[in-house]
Amino acid sequence: MEQYQGGQQQQQFDQNPYLFEDQDFDTIVETDQGRVQILQKFTEKSDLLRGIANFRIGALITKPHSFVAPHHFDADCVFFVFQGRPTISMVRGDKRESHNLERGDILKVPAGTPVYIINRDENEKLFVVKLLHPVNLPDQFEAFYEGGGENPQSFFKAFSPEVLEAAFKTERDELQRLFGQQRQGSIMKASTEQIEKMSHSSRSSEGLWPFHGDQPSTPFSTSSKSGPFNLLRKRPSQSNRHGRLFEADSSDYKQLEELDLQISFANITRGSMIAPLFNSRATKISFVLDGEGFFEMACPHLASQGGSQRQQRSSSPSYQNVRGDLRRGTVFIVPAGHPVTTIASRNNNLQILCFEVNAKDNVRLPLTGKKNVVSQFEKEAKELAFGVPVREVDRIFNKQEGEFFLEGPNNQQQGRIRSVV
């Protein structure tokens, strides 16, 4: 990445602190049936991200008819199903809840909840994005396996034989046999019969996808307070030929309230863009689910880091153009207050899942198009702010008649960081 100012190269940046790519993920579980990938800690890349330090993001990918062994995390976890048909079973107190999930479903699994997962689809891989919020150590979490043996290792094996004999009221050799057999790893193949028996038909939403016809205007409601919510069955909050946006907050899914989250899914039509905007309070953790494109963001922090002391003392701030290429699996962060735009390539739609942290009382403020911020300024404020007659300000800010999703720029360049003064 390069920084430019006045047409002259000023400084080299080894990395864009707001962009995470394949090499930034760690594979913490891998078998021949699937894997779990977790993004590095946000603050390992930059202190600028310490506002979301206690969140981690990752993905679960499995083959058809796979089984993920029972485990619990010392972290709250929010799942979003992008592909496949999982059944997620949770033990809550003395009861088991099983939920058949489909594409677009959101499900929160509270910290310490034993859970196991199957992909009941015979042909399609399972792809689940998960956001974790650790409850023990800041920005660190661990998996604890109730089942298992040698691989995965059950946490029961950490106890002494004497304690296990007393606790289970069972002879030592029987316990050794029980906790010594499993060697397939924590993601394994299940038989068709096993899958069928664990596929609990709690509900069905087959064929559900936001671009296959009209969908109901009201969200799916579940009788279980801990059940799922399907984001893609809700009427889009923004929709035109350039894209569609689906959003869910705690009023839609109560489980998001404790984590102060909003979740959104954007499908940007190829060659289109999201109009420049910023969030008043929320920081967006964005996971690219499919497609290609790029984002641009105005950042004062990198400008002050790269500028001279004289520039830093100036009463007039400067802003760095932070730009990054996007493709499937890329994660990018947009801090609160930072103006940003996202553009889809001319070859593919760009599909992005966003977790918005600090969602309560957040306001999204558009900078161009209908309802843009400047159009609401008083006449005198416009003239004073821009130093030109108000008619020139209005001519430019009122020219774009689109809202939120717009036609994109004609040319796309390679991602770089450029300074804008």
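**The whole chain**

Begin with a cartoon view of the chain, bearing in mind that this is a predicted model. The cartoon contains eight helices and 29 strands. Of the 421 residues in the chain, 48% are buried. If a surface is displayed, its accessible area comes to about 21,100 Å², and carbon and sulfur atoms account for 45% of that area. Contacts may be considered next: among those between residues at least 6 apart in sequence, 76% join residues at least 24 apart.

In soluble globular proteins, nonpolar side chains tend to be buried together. Select Phe-42, Ile-57 and Ile-285, and show their side chains; these residues have the most contacts inside the largest nonpolar core, which has 88 residues. Then colour strand E8, residues 75–83, which supplies seven residues, the largest share of this core.

Which residues are in contact with Ile-285 once its neighbours within four places in sequence are left aside? Phe-42, Ile-52, Phe-55 and Ile-57 are among them, as is Leu-131. Further along the chain, the list continues with Val-331, Phe-332 and Ile-333, and then with Leu-353, Cys-354, Phe-355 and Val-357.

Now move to a second, separate core of five residues; Met-273, Phe-294, Ile-343 and Leu-406 are included in this set.

**The cavity**

Rolling a probe the size of a water molecule over the atoms shows where empty space is left. How many cavities of 30 Å³ or more does a search of the whole structure find? The search finds one, and the volume of the largest cavity is about 180 Å³. To centre the view on this cavity, select Ile-274, Lys-284, Thr-342, Cys-354 and Phe-404, which lie nearest its centre among the 18 lining residues.

Colouring the lining by class shows ten nonpolar, five polar and three charged residues.

Remain at strand E19 and select Phe-265, which lies in that strand. Phe-265 counts as buried because its relative accessibility is 0%, under the 20% limit. A distance drawn from the C-alpha of Phe-265 to that of Val-288 reads 9.9 Å, and these residues are 23 apart in sequence.

**Helix H1, strand E6 and the loop between them**

Select the loop between helix H1 (42–45) and strand E6 (56–62), where Ser-46 is placed. Is Ser-46 buried or exposed? Ser-46 is buried, because its relative accessible area of 11% is under 20%. The C-alpha atoms of Ser-46 and Pro-17 are 5.7 Å apart, although 29 residues separate the two in sequence.

In the loop between H1 and E6, select Ala-53 as well. Beyond residues up to four places away in sequence, Ala-53 touches Thr-43 and Asp-139. Its C-alpha lies 9.5 Å from that of His-133, a residue 80 places apart from Ala-53 along the chain.

Proceed into strand E6 and select Ala-59. With 3% relative accessibility, Ala-59 counts as buried. Residues up to four places away in sequence aside, Ala-59 touches Arg-35, Val-36 and Gln-37, together with Phe-127, Val-128, Val-129 and Phe-287. Between the C-alpha atoms of Ala-59 and Leu-39 the separation is 8.8 Å, and the two are 20 residues apart along the chain.

**Backbone details**

Switch to a backbone view and select Asn-151 with Pro-152: the peptide bond between them is cis, with omega near 0 degrees. Pro-152 belongs to the loop between strand E14 (143–145) and helix H2 (161–168).

Follow the chain through H2 to Lys-169, in the loop between H2 and helix H3 (172–178). Lys-169 is not a glycine, but its phi is positive, near 55 degrees. The residue is exposed, with a relative accessible area of 79%.

The last stop is Asp-361, in the loop between E26 and strand E27 (364–366). Asp-361 is likewise not a glycine and has a positive phi, about 65 degrees. Asp-361 counts as exposed because its relative accessibility of 59% is over 50%.

Note on methods:
Residues numbered from 1 in each chain as written. Predicted model: local features only at pLDDT ≥ 70, side-chain atom pairs only at ≥ 80, totals over all residues. Heavy atoms only, no water. Helix = DSSP H or I, 4+ residues; strand = E, 2+ residues; numbered from the N terminus. Buried < 20%, exposed > 50% of the residue type's maximum accessible area, 1.4 Å probe, protein only. Contact = heavy atoms within 4.5 Å. Areas by Shrake-Rupley, 256 points an atom, 1.4 Å probe, with all protein chains shown as cover. Core = buried A, V, L, I, M, F, W, Y, C linked by side-chain atoms within 4.5 Å. 1 Å grid on protein atoms, 1.4 Å probe; cavity = no way out; pocket = protein on both sides within 12 Å on 5 of 7 lines; lining within 4 Å. Points joined across faces, edges and corners; volume = space filled by probe spheres on them. Nonpolar A, V, L, I, M, F, W, Y, C, P; charged D, E, K, R; others polar.
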